Amino acid sequence: MAGTMLAARLHEPGKPLSLDQVPIPEPGHGQVLVKVHACGVCGSDVHFVEGHSPVARTPITLGHEPAGVVHQAGPGVEGAAPGQRVAVRPGTRCGECEPCSLGRDNICEQSQVLGMHVDGGLAEYVAVPAQDLIPIPEGVSFAQAAIAGDAIATPYHALIERGQLRAGETVAVFGCGGLGIHAIRLARLAGAATVVAVDVQPGALERAKRAGADLGINAAEERPSRAIRRAIGGADLAVECVGHPDSIAEAARSLKRGGRAVIVGMGDQPIALPPPNAFTWSENALIGSFGSSAGTVRRILAMAAAGRLDLSESVSAVLPLGDVNRALDMLRAPGREVVRVVIEPGR
Ligand SMILES: [Zn+2]
Ligand SMILES: [Zn+2]
C-alpha cells in the first residue's frame, strides 16, 4: 500500500520521540498490515527513550502493545480477513527453536520485540506476522485489548504459570504500577487468601487497595519483609515487578518456607540474595518470568469478555499519537497515578 503515515520514532536515546511521516510498511510474506486503533505505552518505553534499555537500531518506531483491524494481508497469509479486530503479541516467535517447540514461545530464541527490534505500533499502521494476531472478542475495546498482551498477560504468566499460585495462598506484590496492579487483581481472581501490596508511593498503595490488596506496605517507611512476616507470617508467593536489587532481595526474604519469589521487573544490576539455607532448608525458589505465550493472551481476552476481569481502572488516559511524549511524561511522573496510557492514532 503506497502512501505515508505518522509514526512516533526514537532517533536518539535521551531525546523525546519525534513524529515522522514515514512510508506505510508493505506486509511481507506471512505478514499482515494492521491499522492501529490503540497502542499501550508502558514503563519499558520510558526505559527505551531514556536509554536504560537498548533498542536494536535507530530510528525505530516504538510501541509493543498494539491492537487494531487487519488492513491488508501479505503473501502466504490465510485466515486474516480485512476488518477483523485483532490484538498483537509484543514479541514474535519462530515456532522452531527448543522453547517454541515446548510451547514456551515467550522465550523464543529468535524472538523480536515490536518497538525494540522492529518497528512497533505507535504509528498509524504496523506490519506483523499473521501468527502473532489474536482475535479480540466482542465487548472488549481496542484500548483494553492493547494492554491485555503485556500489562495483564505478563503478571498472569508470572503468578499462575511460573509462580504456580493456588487458592488459599498468601501473595505479596512488590511494585504497584501497570504490572503490579494487574497482579493484585489476578491474585484475587485466583483465590489468594491474602494479597499484600508493596510500593514507595502512597498513591500507588491506595490504588492497590482499590484493586483488591488487603494490606499496603510503604517500603520507604518500613522493611517490607519484616512487615509481611509480622502481618501474615510470610508470603507463599512474592511477585517482584520493579526490577530493583533491594526490592528483589526483600521479595525473597518475605517468603514462608516453601515459598516462591518470581521476578518480573527488568534490571541489569546485581542482586544480593539471602543465604543458601533459605533455599535448601526452606526450599524457597527464585524464579524469572518474561511476557507470556499467545495462549495466555487469548485467555486474558476471554476473561475480559466474560466480565471476570475488571479493567475499568486499567487505562488511565487515552491520547492521540501527537501527544505520545506527554504519555511518556505521565508514566515518569512521581506518584505514578497512572496505570497505563493508551495512544489512539485515529483520535
Ligand atoms: Zn510493555
Ligand atoms: Zn522460537
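1. Basis. The model is predicted; local features need pLDDT of at least 70, side-chain atom pairs count only at pLDDT 80 or more, and totals for chains, interfaces and linings use all residues. Residues are numbered from 1 along each chain as its sequence is written, while chains are lettered from A and ligands numbered from 1 in the order in which they are written.

2. α3 with α9. Helix α3 (residues 142-162) packs on helix α9 (residues 294-305) at about 115 degrees, and the axes are 9 Å apart. Helices (H or I, at least four residues) and strands (E, at least two) are DSSP runs, numbered from the N terminus. Axes are lines fitted to C-alpha atoms, for helices over the stretch in contact, and angles run from 0 to 180 degrees between N-to-C directions. The angle makes α3 roughly perpendicular to α9. The classes are: under 35 degrees roughly parallel, over 145 roughly antiparallel, 65 to 115 roughly perpendicular, and the rest oblique. The crossing of α3 and α9 is right-handed. A crossing is right-handed if the near helix is turned clockwise from the far one by less than a right angle, and left-handed if anticlockwise.

3. Residues of that contact. From α3 come Gln 144, Ala 145, Ala 148, Gly 149, Ile 152, Ala 153, Tyr 156 and His 157; from α9 come Thr 296, Val 297, Ile 300, Leu 301 and Ala 304. Contact requires C-beta atoms, placed from the backbone, within 7 Å. The set divides into nine nonpolar, four polar and no charged residues. Here Ala, Val, Leu, Ile, Met, Phe, Trp, Tyr, Cys and Pro count as nonpolar, Asp, Glu, Lys and Arg as charged, and the others, Gly among them, as polar.

4. α3 with α4. α3 also packs on helix α4 (residues 178-189), at about 55 degrees and with axes 8 Å apart. α3 is therefore oblique to α4. This crossing of α3 and α4 is right-handed. On α3 the residues are Ala 151, Ile 152, Thr 154, Pro 155, Tyr 156, Ala 158 and Leu 159. They meet Gly 178, Leu 179, His 182, Ala 183, Leu 186 and Ala 187 of α4. The count is ten nonpolar, three polar and no charged. Ile 152 and Tyr 156 take part in the contact with α9 and in the one with α4.

5. Buried face of α10. Helix α10 (residues 324-332) has Val 324, Ala 327, Leu 328 and Leu 331 buried. These fall within an arc of 100 degrees seen down the axis, so they line one face of α10. The arc is that of the directions from the helix axis to the C-beta atoms. An α-helix has 3.6 residues a turn, so residues three or four places apart point the same way. Buried means 20 or more other C-beta atoms within 10 Å of a residue's own, exposed 12 or fewer, and partly exposed in between, with C-beta atoms placed from the backbone. The buried residues of α10 pack against β1 (4-10), β3 (31-41), α1 (43-50), β15 (315-319) and β16 (340-343).

6. α1 with α10. These two pack at about 105 degrees, with axes 10 Å apart. α1 and α10 are therefore roughly perpendicular. Gly 43, Asp 45, Val 46 and Val 49 of α1 meet Leu 328, Leu 331 and Arg 332 of α10. The contact holds four nonpolar, one polar and two charged residues.

7. Buried face of α6. In helix α6 (residues 224-232), Pro 224, Ser 225, Ala 227, Ile 228 and Ile 232 are buried. They cover an arc of only 165 degrees around the axis, which puts them on the same side of α6. They pack against β9 (170-174), β10 (194-199), β11 (215-218), β12 (235-240) and α7 (245-253). Just after α6, Gly 233 takes a positive phi of about 80 degrees.

8. Gly 265. This residue sits in the loop between β13 (255-263) and α8 (276-280). Gly 265 is buried, with 20 other C-beta atoms within 10 Å. Leaving aside neighbours within four places in sequence, Gly 265 contacts Gly 175, Glu 240, Cys 241, Val 242, Gly 243 and His 244.

9. Backbone points to check. Thr 58 and Pro 59 are joined by a cis peptide bond, with omega about -10 degrees. Pro 59 is in the loop between α1 and β4 (60-61). Gln 164, not a glycine, has a positive phi of about 55 degrees. Gln 164 lies in the loop between α3 and β9 and is partly exposed, with 14 other C-beta atoms within 10 Å. Glu 283 has a positive phi near 50 degrees. Glu 283 is in the loop between α8 and β14 (285-288) and is exposed, with 12 other C-beta atoms within 10 Å.

Technical notes. Two residues are in contact if their C-beta atoms, placed from the backbone, lie within 7 Å.
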